[in-house]
Amino acid sequence: MSEEKHITGPNANSKESLEKAAMQDEQMQNVHAQLMREKEEPHEGFSPVPIFLMFAFAALCFWGGVYLVGNSGNFRWDAYSPDFDPNANAPAPVEIPLFERGAKVYRNQCAQCHQANGQGVPGVYPPLVASDWVLGHSEVVARILINGLSGPIEVNGNTYNGAMPAFGPNGLNLKAKDIAGVITYIRQEWGNSAPDVTEAMMDTYVAAYSSRGPVWSAAELREGLSPEPTAAPPVEEAGAEPATIETSAPATGH
């Protein structure tokens, strides 16, 4: 009973009286009311950023990065011109010789059938070594690679009856430089000795035969050939450009 009297005694009544008096104070209530009007109600979470603003910011950052890369002059201290090209004095890329380019194409596309030594497979795939079809007129072998070959063909006294896929636009679609390279390679490897087939020559052949639909037969390959390209006489004057290969437009043979 004494504890209950202690809790509910005069001190407790005095505290309640003070709080009640404070709540009744008109000035204090006005202050509280003003604070309640000026402050937001506390709440959980956050206000999400509109998605289009995020995309706009990402696009702006991307554009800024591209602009800096293209117009910073590699951030060189001595580059003041907006047209400065940091690669203007860079050395020209080394051009791979046709023979080496053709060797790579041959290993990837031809060696499975004609073998790494160019001897082919007896009775199945004809040899490329000492073959008139390879070493003869450059347009003949160019026709074979651009459009393909089908039907019987005699090579070095033996007859083969198979199919050669097209490497041109209607087949593997190799670049003219790659076809020129592989022809140059097979005409000069394994003891073969024949002139290069240049990229310019191959561009002419591809332009003439890329629209041809059917593959060639052996009988058609040597019909309507253009004159064999010949090397121009060497230029002896100092500083003159090196000799080039003159070609004439081949007959379509369609």
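Student: Where is the place of Ala 130?

Tutor: Ala 130 lies in the loop between helix H6 (111-114) and H7. Helices are DSSP runs of H or I with at least four residues, strands are DSSP runs of E with at least two, and numbering starts from the N terminus. Keep in mind that this is a predicted model: local features need pLDDT of at least 70, side-chain atom pairs count only at pLDDT 80 or more, and totals for chains, interfaces and linings use all residues. Residues are numbered from 1 along each chain as its sequence is written, and side-chain values use heavy atoms, with hydrogens and water left out.

Student: Why does Ala 130 count as partly exposed?

Tutor: Its relative accessibility is 44%. Buried means under 20% relative accessible area, exposed means over 50%, and partly exposed is in between, with a 1.4 Å probe and protein chains only. The value for Ala 130 falls in between, so this residue is partly exposed.

Student: What makes the phi of Ala 130 worth a look?

Tutor: Ala 130 has a positive phi of about 55° although it is not a glycine. Most residues other than glycine have a negative phi. Trp 190, in the loop between H9 and H10, is also not a glycine and has a positive phi of about 60°.

Student: How many elements does the chain have, and in what order do they run?

Tutor: There are ten helices and four strands. From the N terminus on, they run α-α-α-α-α-α-α-α-β-β-α-α-β-β.

Student: What makes helix H8 mostly covered?

Tutor: Ten of the ten residues of H8 (residues 138-147) are buried, including Val 140, Ile 144 and Leu 145. Even Glu 139 and Arg 143 are among the buried residues of H8. The cover includes helix H7 (132-135), S1, S2, H9 and helix H10 (199-209). Just after H8, Gly 148 takes a positive phi of about 95°. For the chain as a whole, buried residues make up 29% of the 254 residues.

Student: Why are H5 and H9 described by the word they get for their angle?

Tutor: The axes of helix H5 (residues 98-109) and helix H9 (residues 176-188) cross at roughly 95° and come within 7 Å. Axes are lines fitted to C-alpha atoms, for helices over the stretch in contact, and angles run from 0 to 180 degrees between N-to-C directions. Angles under 35 degrees count as roughly parallel, over 145 as roughly antiparallel, 65 to 115 as roughly perpendicular and the rest as oblique. H5 and H9 are therefore roughly perpendicular to each other. Their contact includes Phe 99 and Tyr 106 of H5 and Val 182 and Tyr 185 of H9.

Student: What is the count of disulfides, and how do you know?

Tutor: A disulfide is a pair of cysteine sulfur atoms within 2.5 Å, and by this rule the count comes to zero. Take Cys 113: the closest cysteine sulfur, in Cys 110, is 8.2 Å from its own sulfur, too far for a bond. Cys 113 is partly exposed at 27% relative accessible area, and Cys 61 is partly exposed at 44%.

Terms used: Contact = heavy atoms within 4.5 Å.
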